[in-house]
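My entries follow in the order I made them.

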Amino acid sequence: MLKQSFRYDQTAARLEVEGLPDFSADHGSNAIGILSSWRLTMIGGPEMEGKREHLEALMAAVIPYARLQLSGVSRVQGQDGGPVRILPLEQGHQLELISSRSGVPPLTLQLDDADLADLVRCLDALRHDERVRIQWPRITHAPLPKRDLAERTPLLQRLAAPALGTGTFLILGLVGLLVPIPTPETPQTNPQLEKQEGRAEPPISNPSQAD
């Protein structure tokens with residue numbers, strides 16, 4: 001059969017994909033170019049499965065969510081009304097697969113940090129598998145806003161730089177006040193020299209005498 005199946009195993013997660021090679025794109029027989037189904041199994045949780053758009057939504061939600069968690073930011077990921085959403089809990093994380101059928105409750109999985117890490121490894125292995133010739137949507141990681149960076153920085157660390165600058169300014173000002181200002185020295189005069197300068201030099205000749 002031309003149908004191919006690849007599996008990616010981690011300690012707490014298993015991801016399986018099935019599909020067919022796309023011969024119109026010159027794919028070999030040992031490749032998947034057309035994804036037909038996928039299944040995700042987490043230890044202690046129900047099995048998730050769906051179509052290609054569900055798998056792409058899973059990647060687009062879980063991978064950025066894990067990056068934010070590594071940066072110390074907890075934020076819900078997943079488009080509003082989309083098929084997949086992941087959100088932080090007080091202890092762990094909750095992954096939801098939302099059905100497109102009305103009246104069907106979402107399928108939920110409770111994950112801890114180790115489960116989330118294994119799930120991300122499975123998704124990364126699939127995205128970088130050369131046997132799967134599918135152009136997955138690119139996941140862009142936007143820089144964190146300054147507000148998020150400030151919130152995850154401890155308060156003492158945030159106040160350290162301003163406090164250090166203020167303390168340095170005060171110390172320099174205090175040192176400037178304690179250092180005496182040098183006064184200009186007044187020139188000292190010699191009394192004997194003043195007397196000598198005050199004496200008039202005798203004229204060379206007496207103008208009252210006749211030549």
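Entry 1, terms. I count two strands as paired if DSSP finds at least two bridges between them. Helices (H or I, at least four residues) and strands (E, at least two) are DSSP runs, numbered from the N terminus. I note that this is a predicted model, in which local features need pLDDT of at least 70, side-chain atom pairs count only at pLDDT 80 or more, and totals for chains, interfaces and linings use all residues. Residues are numbered from 1 along each chain as its sequence is written, and side-chain values use heavy atoms, with hydrogens and water left out.

Entry 2, the β2 and β3 pair. I looked up the bridge partner of Ala13 in β3 and found Met42. β2 and β3 run antiparallel to each other and share eight bridges.

In which order do the strands of the open sheet lie? I read β1-β2-β3-β4, four strands with antiparallel pairing. β1 (4-9) and β4 (48-50) are the edge strands, each pairing on one side only. From one strand to the next the twist averages 15 degrees. For the angles I use axes that are lines fitted to C-alpha atoms, for helices over the stretch in contact, with angles from 0 to 180 degrees between N-to-C directions. A contact is heavy atoms within 4.5 Å.

Entry 5, the whole chain. I counted five helices and seven strands in the protein chain. Along the sequence they follow the pattern β-β-β-β-α-β-β-β-α-α-α-α. Of the contacts with a separation of 6 or more, 47% join residues 24 or more positions apart. The accessible surface is about 15,300 Å² (Shrake-Rupley method, 1.4 Å probe; for residues, only the protein chains shown count as cover). Carbon and sulfur atoms hold 54% of that surface.

Beyond four places in sequence, I list its contacts as Phe6, Arg7, Ser37, Trp38 and Arg39.

His27 sits in the loop between β2 (13-20) and β3. His27 has 11% relative accessibility, so I log it as buried. Leaving out residues up to four places away in sequence, His27 touches Pro21, Asp22, Gly33 and Arg133. Val132 is in the loop between α2 (113-127) and α3 (146-151), and is buried at a relative accessible area of 7%.

Ile34 is found in strand β3 (residues 34-42). I log Ile34 as partly exposed because its relative accessible area is 44%. Val132 and Ile34 are 98 residues apart in sequence, with 8.9 Å between their C-alpha atoms.

Methods: Buried < 20%, exposed > 50% of the residue type's maximum accessible area, 1.4 Å probe, protein only.
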